[in-house]
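Hi,

Here is the structure I promised to pass on. Have a look at it first, and my notes follow below.

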Amino acid sequence: MKISGVRTAVVQGNYEWILVRVYTDEGLVGLGECYWGAGVESIVRHLKGLLLGEDPHNVDWLYQKMVRGMSGAGSTGGATVAAISGVELALWDLKGQALGTPIYNLLGGRHRQRIRIYADCGHGAQPTPAAWADKAREMVALGFTAIKFDIDNIAAARFRDPYHVGVGRSGWLQGQQQPLANAELDLMVELVGAVREAIGPGIDLALDCHWNYAARDAIRIAEAMAPFRLLWLEDPTPPDNVEALKRVTDRSPVPICSGENHYTRHGLRQMITAQAVDIVQPDIPKVGGLLEAKKIADLADIYYIPFAAHNVSSPIATMAACHVCAGIRSFVALEFHAHDVDWWQALAVGGESVIKDGYIALPDRPGLGIQLDEEVARAHLKPGAAFFA
Ligand SMILES: [Mg+2]
């Protein structure tokens, strides 16, 4: 079997879902998806030249060929790795179909039959204890046993630099490390306290900081959150400095989680070997794909660091992620970030709901085990984007 084509389609969800199909001369077609980003789709089309005529079974060799072939064009991180990841996902789907077995059977087999999903609640409808408690109850009623809120940028009191050019524009000063105001910390305690009271002790609760705090302020937040017994506190400091992150983790009374803005096992190596996190959380269709994620999980496992997975994808990459999460020994949960997209589930045909009662059941069909509903995908195609043409 030889690869005969590589084509893309971009579906406009709450993110751009960049779908990839890899075609073969025997008629089998593999389906994958890349993490969003400027340039990703055109890089996938560029990768086609490295793939045509190759045997799609040799997934790891083809991954290395793409990485080496793009080494002068950013294959240590960013859009290039996201593009390679989407192709890698499609190659696994193809190989599973060719061999008549689910992808998880090709990645070491299963540790579990259903994958636990955690629901991202964003910033809630508004930053009030009642709104956060309502949102949390809504997610728990849907069957989720773990939820996450965005704890950063909840209060105007944060902005102690009133003449900064960013103030009053977006209010989003990501990564600026404005000092944490007491009023902001108090509001965090109020909001998270209301959520914990609403959901009780049995539901897991994570909080995301989106890289917005200085190390000392992150430690203050972690200490203030200790009574609420978090599943984790995510990305407290910017992604560039592992030593600063380790300073937070070493002093935090709650588990610290990070990894979604890092690429490949090389990009995550120092975070893991320095034990700068308690839970590592790469994004699978961004970090390098299924096998790269498995390698990262295995490296983390040597340090007894469990693996969670960031995810903002359509059902296609979400299901692909499930196949590798099934084979990871110390797995925590996979993210669901599209609760507000009411056609998310409809993008996949496979007979049943993708997410049911807070879990995704692994299909026993060959490859990915689900297919794209082309009608739904076309209805939400990004304006001007090709549909696998
Ligand atoms: Mg995050």
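Predicted model: local features only at pLDDT ≥ 70, side-chain atom pairs only at ≥ 80, totals over all residues.

**Strand β11 and its neighbours**

Strand β4 (residues 114-120) pairs with β11 in the parallel sense, over three bridges. Residues are numbered from 1 along each chain as its sequence is written, and side-chain values use heavy atoms, with hydrogens and water left out.

Back to β11: Glu335 in that strand is the bridge partner of Tyr118. Strand β10 (residues 307-309) also runs parallel to β11, joined by two bridges, and Ala309 stands opposite Leu334 in β11. To get from β10 to β11 the chain goes through helix α11 (residues 315-325), and this β-α-β crossover is right-handed (with the strands pointing away from you, the path from the first strand over the helix to the second runs clockwise).

How well covered is β11 (residues 331-336)? Mostly: six of its six residues are buried, meaning under 20% relative accessible area, where exposed is over 50% and partly exposed is in between (1.4 Å probe, protein chains only). Helix α11 is largely enclosed by the rest of the structure, because 11 of its 11 residues are buried. Among them are Met319, Cys322 and His323.

**The magnesium ion**

Asp208 (OD), Glu234 (OE) and Glu260 (OE) coordinate the magnesium ion at 2.0 to 2.2 Å. Donors are N, O and S atoms within 2.8 Å of the metal (3.2 Å for Na, K and Ca), and water is not among the atoms, so sites may look incomplete. In sequence, the donor residues are spaced D-x25-E-x25-E. Asp208 lies in strand β6 (residues 204-208) and Glu260 in the loop between β8 (256-258) and α8 (264-273), so the pair ties together parts that are 52 residues apart in sequence. Both Asp208 and Glu260 are buried.

On a 1 Å grid over the protein atoms alone, a cavity is a set of points where a 1.4 Å probe fits but cannot get out; a pocket is an open set with protein on both sides within 12 Å along at least five of seven lines, and lining residues have an atom within 4 Å of a point. Volumes are the space filled by probe spheres set on the points, which are joined across faces, edges and corners.

The count comes to one cavity of 30 Å³ or more. The largest cavity has a volume of about 40 Å³, and its lining includes Phe307, Ile328 and Arg329. Helix α10 (residues 290-302) gives the most to that lining, with three residues.

The second largest pocket has a volume of about 240 Å³. Of its 13 lining residues, Val29, Asp93, Gln97, Ile370 and Gln371 lie nearest its centre. The elements giving two or more residues to this lining are β3 (29-34), α3 (79-99) and β15 (371-372).

Finally, Asn14 is found in the loop between β1 (3-12) and β2 (16-24). Asn14 is partly exposed, with a relative accessible area of 35%.

Cheers

Key
Helix = DSSP H or I, 4+ residues; strand = E, 2+ residues; numbered from the N terminus. Pairing = 2+ DSSP bridges.
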